[in-house]
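Reader: I have a structure here and would like to go through it slowly. Could you take me along, one part at a time?

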Amino acid sequence: MRLASKLRFTILAASITLIGGAWLYAQVFPAAVHPLDLPCANCHLAGADTQPGNASMLVTSQEQMCAQCHANSTQMSHPSGITPPPGSIIPATYPLDWKGDLTCSTCHEVHSDQPGKLRGSATGRDLCLACHTQAFFDNMPDGGVSMVQSGHLGAPNAQNWQNLDPYSIQCMDCHGTKGDVNIDPNQVVRHGSLNHPVGANYDTAFRSGGYKAALLLPKKIMLPNGMVACVSCHEGYKKAHGQLVTAGTGNSLCYQCHDI
């Protein structure tokens, strides 16, 4: 009898653990639920009456909706919510929205069940060249290498290598192999005569004194996972690849964070 009671308790505890774990997973990983599984009214003004003719009328911009789950997507991706430059030829495979703007849905079919939800079959450089000319990339300092890998900066499913964030991992995948940048055992990134810690928790540093609160920093200074990263100082996904996130010379960038 005692054994049976213990067995029932074990089964009940296991059930509670599974249910609780499923609930926690849903809170921590909301991106696991994609628009295909959500009510139409979450995105479309017409709600349950959404049809092809009115589906383009959304409750807010695509960029704001996508960013709810895809953190930093607007800063670390191909520009979205923009009107293509005059003379641009955009293939019908990649539709603009009702305003003539290039949006997330230009490259992604959000209701697709395919990996990446990309439109068409092109990927990488071939996808870029569907709209851009080769000369567009040839004129970049790195020949476009940083951009044609993906429409989004960041190493997907990256392991926490040396406590780095996914963006810095992708930066080091290229710069680390070229030898122009390295990270020493003290978590200091060194490039030329310049050096700065990476993979350090900013709030921890703030509490030690000498830094401005994270909420007061300019929006362009990103702290992925709360950590100082390559993209805290550099704009990674830009035509001028690697430019500083703030204008000015000398120590102007330093004083954005350092309160000394």
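Author: Let us begin with a term: two strands pair if DSSP finds at least two bridges between them. Strands (E, at least two residues) and helices (H or I, at least four residues) are DSSP runs, and they are numbered from the N terminus. Please keep in mind that this is a predicted model, in which local features need pLDDT of at least 70 and side-chain atom pairs count only at pLDDT 80 or more, while totals for chains, interfaces and linings use all residues. Residues are numbered from 1 along each chain as its sequence is written, and side-chain values use heavy atoms, with hydrogens and water left out.

Reader: Which residues in the turns have a positive phi?

Author: In the hairpin of β1 and β2, which has four residues between the strands, glutamine 187 in the turn has a positive phi of about 60°. In the hairpin of β2 and β3, with two residues between the strands, glycine 192 takes a positive phi near 65°.

Reader: Changing topic: is tryptophan 98 buried or exposed?

Author: Tryptophan 98, in the loop between α2 (62-67) and α3 (104-107), is exposed, with a relative accessible area of 55%. Here buried means under 20% relative accessible area, exposed over 50%, and partly exposed in between, using a 1.4 Å probe and protein chains only.

Reader: And threonine 246, where is that?

Author: Threonine 246 has its place in the loop between α9 (230-233) and α10 (254-257), and this residue is buried, with a relative accessible area of 16%. Leaving aside neighbours within four places in sequence, threonine 246 is in contact (heavy atoms within 4.5 Å) with Leu253 and Gln256.
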